[in-house]
Amino acid sequence: VVDPVNRIPGGPELADVTAYLNEDIRRPLGPITIQALAFSELEFDVDISNLSPNHAETRDAIRNAITDYFYGRRPKLFDDDANPRNTISAAQITRVAIDAGAEVATVDLKNAGGTSITSYALEPYEVCALRALTWV
């Protein structure tokens, strides 16, 4: 699992993008100022119960796969996006766990407040990360 360190740009990067977007050659509509904004990162918790087989290798593979799944989600920026990845769901995470070696797994997806949810659609300004994975 590769942790995308600094995946949300800070002040200097945003200033560079804002300056680039506001150069006269890129402003065909006239003197409109465009501002580049940073994403907000949402964290989610995942509880997995009834795991089979339940051994260290399977748990490690599932943890890595779920972490990659979260880092692979992105907001939907265009209505005609051919491969939208803006939805996080318990069903998709169950599929990820099975693909990583689980034969049986019950997934409970929770928002940062600890409330169980079936799915969440990222807003255009949001990215997500796995905060905690708990084996129940």
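How many bridges join strand β1 to strand β3, and in which direction do the two strands run? Strand β1 (residues 40-52) and strand β3 (residues 104-110) run antiparallel and are joined by 6 bridges. The model is predicted, with local features needing pLDDT of at least 70 and side-chain atom pairs pLDDT 80 or more, while totals for chains, interfaces and linings use all residues. Residues are numbered from 1 along each chain as its sequence is written, and side-chain values use heavy atoms, leaving out hydrogens and water.

**View 1. The open sheet.** The order β4-β3-β1-β6 describes an open sheet of 4 strands with mixed pairing, where two strands pair if DSSP finds at least two bridges between them. Strands β4 (116-117) and β6 (126-135) are the edges, each pairing on one side only. Strands (E, at least two residues) and helices (H or I, at least four) are DSSP runs, numbered from the N terminus. Within the sheet, Val-46 stands opposite Leu-109 in β3.

View 2. Rings of Phe, Tyr and Trp (its six-membered ring) pair if their centres lie within 6.5 Å, and planes under 30 degrees apart count as stacked, over 60 as edge-to-face and the rest as tilted. The structure holds 3 aromatic pairs. The rings of Phe-44 and Tyr-120 are tilted, because their planes stand at 55 degrees, with the centres 5.7 Å apart. Phe-44 lies in strand β1 and Tyr-120 in strand β5 (residues 119-121), 76 residues apart.

**View 3. The ring cluster.** Tyr-69 and Phe-70 form an edge-to-face pair, 5.5 Å centre to centre with 80 degrees between the planes. Ring pairs link Phe-44, Tyr-69, Phe-70 and Tyr-120 into a cluster.
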